Amino acid sequence: MASFWKRPQPIWWRKCLLQIHLWAGLITGLYVLVISVSGAALVFHEEMLAAAYVPVVSQAPGSRIGWDALHERMIRLHPGFQVSWFRNRENPREAIEVWLERDATRKIILADAVTGEVLGPKGGLVDSSLQWLADLHISLLSGQTGRIVNGVGAGFLCLLCVTGAIIWWPGIQNWRRSLSVSGGKSWKRINWDLHSATGAWSFIFVTIWAVTGVYFTFPQPFRSLVGMIAPLQKPASRPPGAAPPASASLAPVSTLVAAADRATPGKVTTWVGLPYRKGQRVAQVYRQDSFDAHAPILGVALDAYSAEVSQIRDFENLLLGDRLLRWLGYLHFGNFGGAPVKVLWTVLGLAPALLFVTGFLMWWNRVLSKRWRAWQQRPSPRFSNHAT
């Protein structure tokens with residue numbers, strides 16, 4: 001170990017880690033590039049959505065369409081799709097946001113608050129572009145299968161972080177030099193310095209994004225680990241139970257909302273979530289003191305078939321374990337600390353893409369370019385002309 005701290009380059013196991021790092025980077029390089037760029041582009045997505053949103057108020061006579069009539073109309077107009085979310089607005093005549101799901105396809109549309117007529121996609125080009133980026137970042141445009149692939153890719157990124165940190169160490173006398181990019185040298189040396197320095201300065205952030213990326217796909221191991229050191233909210237006292245038979249029908253949306261209203265009086269309904277995948281049985285109704293985006297939220301979980309309330313979660317007064325898990329989301333998305341943190345997350349979010357590009361160029365310089373030159377310099381085959 002003493003030799004590693006002084007002169008690590010000749011050590012055999014470091015060379016093995018270098019090969020693991022190289023091949024893990026090549027295998028996941030395109031994935032890392034896509035996740036890095038899409039993630040950086042999404043850091044300010046809430047602000048961009050708010051800026052692009054223009055309220056659409058119904059001019060049709062009459063009162064607001066009921067939840068059940070709207071749900072039935074959406075299913076009829078979009079065969080094969082299931083409604084996953086309704087977003088309610090303070091103005092009862094303002095267009096209702098509807099989320100529709102089918103396999104790996106999601107559509108977010110606006111419906112007239114009185115007639116239920118489809119007004120078109122929410123937010124136009126900005127919203128549809130951000131939604132496409134979000135689907136790319138979360139599920140690689142491939143639904144649940146893409147989410148699993150994403151979690152595995154995040155695991156490979158964890159491996160890259162660990163091996164990269166070890167092979168980065170240049171020795172006790174040279175570590176400061178590996179934190180900067182030297183000018184006045186060949187582009188190959190500058191590229192090497194850029195890879196080394198970027199990896200060192202972004203190591204903590206990239207590791208956090210990799211670990212939290214695994215968490216979003218495979219949350220249960222993290223919940224079990226956190227539950228060993230801090231209390232977590234217990235499961236619902238009246239769990240919805242097994243998946244319903246194929247012939248069962250969802251409770252009317254109005255019944256679900258009314259049950260949530262009785263369980264949390266004095267609140268307003270802001271979101272209504274319905275199960276849309278086969279085997280799901282839980283509906284979610286979000287209740288707040290007001291329609292202010294920063295108002296405290298209560299999440300009411302219900303059996304989507306019996307409308308029985310199974311759990312009420314106060315997202316502002318979580319147990320310590322739930323708070324720790326919630327911080328995994330904050331650290332991944334940078335939605336804490338305001339604009340300065342988001343700017344930092346946007347800039348550093350591009351570090352994995354830069355590491356892939358510089359790492360690929362290093363591989364090209366050290367391996368592929370030599371093979372390319374050798375192939376170009378190979379002797380031409382000689383053919384003899386035989387007289388017939």
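Student: What describes the packing of two helices?

Tutor: Two packed helices are described by the angle between their axes and by the distance between those axes. In this predicted model, helix H2 (residues 12–42) packs on helix H6 (residues 143–168) at about 140 degrees, and the axes lie 8 Å apart. Therefore H2 is oblique to H6. The crossing of H2 past H6 is left-handed.

Student: Which residues in H2 and H6 meet?

Tutor: On the H2 side they include Trp13, Leu17, His21, Gly25, Thr28 and Ile35. On the H6 side they include Asn150, Gly153, Phe156, Leu160, Gly164 and Ile167. By class, this contact of H2 with H6 comprises 15 nonpolar, seven polar and one charged residues.

Student: How do strands of a sheet pair?

Tutor: They pair through backbone hydrogen bonds, in either a parallel or an antiparallel sense. Here, eight strands form an open sheet in the order E4-E3-E2-E1-E5-E6-E7-E8, and the pairing is antiparallel.

Student: Which are the edge strands?

Tutor: Strand E4 (118–121) and strand E8 (309–314) are the edges, each pairing on one side only. On average, neighbouring strands of this sheet are turned by 25 degrees against each other, direction ignored.

Student: How many bridges join E7 to E8, and how many does E7 share with E6?

Tutor: E7 and E8 run antiparallel and are joined by five bridges. Strand E6 (residues 282–288) pairs with strand E7 (residues 297–303) over seven bridges, also in the antiparallel sense. Within the pairing to E7, glutamine 288 has isoleucine 297 as its bridge partner. Leucine 298, in turn, stands opposite aspartate 314 in E8. The hairpin of E7 and E8 has five residues between the strands, and alanine 307 in this hairpin takes a positive phi near 65 degrees.

Student: Which strands does helix H4 lie across?

Tutor: Helix H4 (residues 67–77) lies across strand E1 (82–87), strand E2 (96–102), strand E3 (105–111), E4 and strand E5 (268–273). Relative to E1, H4 runs at about 135 degrees.

Student: What describes a pair of aromatic rings?

Tutor: The distance of the centres and the angle of the planes describe such a pair. The model has 20 aromatic pairs. One of them joins tryptophan 85 and tryptophan 271, with 5.9 Å centre to centre and 85 degrees between the planes, an edge-to-face arrangement. This pair links distant parts of the chain: tryptophan 85 belongs to strand E1 and tryptophan 271 to strand E5, 186 residues apart.

How values were computed: Residues are numbered from 1 along each chain as its sequence is written. This is a predicted model: local features need pLDDT of at least 70, side-chain atom pairs count only at pLDDT 80 or more; totals for chains, interfaces and linings use all residues. Side-chain values use heavy atoms; hydrogens and water are left out. Axes are lines fitted to C-alpha atoms, for helices over the stretch in contact, and angles run from 0 to 180 degrees between N-to-C directions. Helices (H or I, at least four residues) and strands (E, at least two) are DSSP runs, numbered from the N terminus. Angles under 35 degrees count as roughly parallel, over 145 as roughly antiparallel, 65 to 115 as roughly perpendicular and the rest as oblique. A crossing is left-handed if the near helix is turned anticlockwise from the far one by less than a right angle, and right-handed if clockwise. Contact means heavy atoms within 4.5 Å. Ala, Val, Leu, Ile, Met, Phe, Trp, Tyr, Cys and Pro count as nonpolar, Asp, Glu, Lys and Arg as charged, and the others, Gly among them, as polar. Two strands pair if DSSP finds at least two bridges between them. Rings of Phe, Tyr and Trp (its six-membered ring) pair if their centres lie within 6.5 Å; planes under 30 degrees apart count as stacked, over 60 as edge-to-face and the rest as tilted.
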